[in-house]
Amino acid sequence: MKMEMKLKTAAAMIAMCIAGGVLAADADKLGTELSPVGAEKGGNKDGSIPPLGAKSTPKDGWAYGKNREDYWEYSKEKPLFSIDASNVEKYADKLSPAQAVLIKQTKGYRMDIYPSHRNCGYPDFAQANAKTNAAHAKIGTDGWSLEDVALPGVPFPMPKKGIDVIWNYLALYIGVGMEMPSGWTYVSPRPGSTEPIKAGWESALYTPSGKKGTNSLEDIKGLLFGLYYSYTSPAAFAGQGLVASAYFKNDDETFYYFTGQRRVRRLPAYTYDAPVIGFENQYPVDATNLYSGTPDRFDWKLVGKKEMYIPYNNFKFNDGKIKLSDAFQDHIINPALGRYELHRVWVVEGTLKQGFRHSAPKKVMYFDEDSWIAVAGDDYDAQGKIWKYKENQNIPSWEVGACVPTVLDMYDLNNGRYVADNVVFGTGKDFHWLVEAGNNPHMKQSFFTAESLRAISER
């Protein structure tokens with residue numbers, strides 16, 4: 001009988017490992033050998049990556065609406081050096097392939113490298129959920145869906161598969177949501193033109209899994225996020241808007257208000273690589289925040305870790321007082337606004353499954369080990385050639401006590417154009433992350449419906 005019990009226990013432990021959980025002894029490494037969300041605590045051998053530090057907090061006197069960089073303790077730092085076409089080969093081992101191509105072929109492009117700071121944190125309740133998830137969260141039998149997860153919290157702080165890392169980012173904690181009272185999506189001019197696309201809008205993002213405490217997928221009705229956009233400019237865009245609901249497992253829903261028709265229409269195919277309306281096929285839907293949407297069409301391989309120069313602590317991209325014309329040049333974003341640091345990243349390679357199509361059938365993405373933010377990505381075309389380089393700017397959000405992605409930059413290495421989204425330059429405004437929903441009308445699931453969009457748009 002004792003032997004039978006031992007065999008059953010061993011079988012259960014093996015089954016748990018296969019399902020995605022780790023043994024309790026391994027989970028106990030979280031907060032001791034590893035950070036509470038799975039990062040290596042130590043720095044690298046030469047000290048260019050420091051040990052894990054304390055969570056970032058602002059200097060006294062900061063409040064929402066004040067310039068964040070003015071209250072950041074490292075705001076006066078200067079670059080250690082720069083990487084450009086003249087020395088890119090020297091640093092190639094710490095760049096992605098697409099980063100290296102971008103630097104080599106784009107006149108004037110450079111990366112200013114600053115001292116590295118590891119000050120991303122997570123609230124206590126999210127850390128506790130991450131430890132629970134280490135032993136219990138799993139990937140479904142379909143090979144991609146997320147099950148038995150406690151949120152907010154990293155689903156797989158000790159990942160074994162690429163899909164684990166993908167969910168660590170898709171389920172990222174940013175509070176219960178974020179509002180942008182004014183922002184831009186910018187697309188640089190097409191070859192032979194000097195006219196960019198500049199679309200102004202107001203936006204709200206609702207993430208119900210970010211509610212304090214512990215939430216199951218059932219508690220949040222399976223909703224990953226709700227998204228609202230209302231365009232304010234140019235004249236061709238003004239008045240158009242959308243609401244979208246993305247789910248952990250169900251199909252996404254998107255409704256769009258067309259001003260010319262004065263109607264709300266459902267867009268059933270507004271997912272994956274469908275082009276975002278109005279941007280000349282330069283911006284696929286699933287490139288939002290570098291990668292978003294349902295991850296079911298790719299096989300995700302966990303390649304491992306590497307040291308890499310990535311966007312980090314870039315408060316300048318949150319400065320609404322910087323002029324749009326000072327930030328965006330014809331072929332590049334002003335390099336003086338960039339801030340890159342050396343960090344360890346998880347590398348995940350996505351390969352399109354048979355039977356599906358996608359304009360970028362291979363993706364390689366890079367995830368910061370401390371925050372799980374997708375900080376960079378390389379897209380490959382159908383011929384296997386490097387096509388696009390994408391990156392997320394990111395900062396610590398002092399409101400929610402965690403690092404968050406902000407502006408998306410995306411460079412097309414074939415036609416020389418770039419896209420920048422979630423831009424606040426020239427607006428005088430800032431992102432606003434919310435810890436509590438309160439009575440905010442945007443922070444409820446019922447807001448993201450066709451009826452709600454129709455009521456807003458037809459006022």
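1. Let's start with disulfides (pairs of cysteine sulfur atoms within 2.5 Å). A search of the whole structure turns up one. It joins Cys120 to Cys403, with an S to S distance of 2.0 Å. The pair ties together distant parts of the chain, 283 residues apart: Cys120 is in the loop between strand S2 (111-113) and helix H4 (124-136), while Cys403 is in strand S16 (residues 402-412). Helices (H or I, at least four residues) and strands (E, at least two) are DSSP runs, numbered from the N terminus. The torsion about the S-S bond of Cys120 and Cys403 is about -95 degrees, so the disulfide is left-handed. Both Cys120 and Cys403 are buried; here buried means under 20% relative accessible area, exposed over 50%, and partly exposed in between (1.4 Å probe, protein chains only).

2. A word on what you are looking at. This is a predicted model, where local features need pLDDT of at least 70 and side-chain atom pairs count only at pLDDT 80 or more, while totals for chains, interfaces and linings use all residues. Residues are numbered from 1 along each chain as its sequence is written, and side-chain values use heavy atoms, with hydrogens and water left out.

3. Now the salt bridges, each a side-chain nitrogen of Lys or Arg within 4 Å of a carboxyl oxygen of Asp or Glu. The whole structure has 25 salt bridges. One of them pairs Glu69 with Lys316 at 3.2 Å, N to O. Those two sit 247 residues apart, Glu69 in the loop between helix H2 (24-27) and strand S1 (81-83), and Lys316 in the loop between S11 and H6. Glu69 counts as buried at 18% relative accessibility, whereas Lys316, at 28%, is partly exposed.

4. Another salt bridge joins Glu89 and Lys104 (2.7 Å, N to O). Glu89 belongs to the loop between S1 and helix H3 (97-105), and Lys104 to helix H3, 15 residues apart. Glu89 is exposed at 55% relative accessibility; Lys104 is partly exposed at 46%. There is also a network of salt bridges linking Glu40, Arg118, Lys305, Arg344, Glu369 and Asp370.

5. Have a look at Asp381, in the loop between strand S14 (374-380) and strand S15 (386-397). Asp381 is buried yet has no salt bridge, and the nearest side chain of opposite charge, Lys385, is 6.3 Å away. Lys and Arg count as positive and Asp and Glu as negative; His and the chain ends are not counted. What does the side chain of Asp381 have within reach? A polar atom of that side chain lies 2.9 Å from the backbone nitrogen of Gln383, and the backbone nitrogen of Lys385 also lies 2.9 Å from a polar atom of the Asp381 side chain.

6. Leaving aside neighbours within four places in sequence, Asp319 is in contact (heavy atoms within 4.5 Å) with Asn67, Val424 and Phe425.

7. Last, helix H7 (residues 450-457), where Ala450, Ser452, Leu453 and Ile456 are buried. Seen down the axis of H7, its buried residues fall within an arc of 160 degrees, so they line one face of the helix. The arc is that of the directions from the helix axis to the C-beta atoms. What covers these buried residues? The cover includes strands S7 (223-233), S8 (241-247), S9 (253-258) and S10 (263-266).

Key: Polar contact = N/O pair within 3.5 Å; in protein donor to acceptor, adjacent residues only side chain to side chain.
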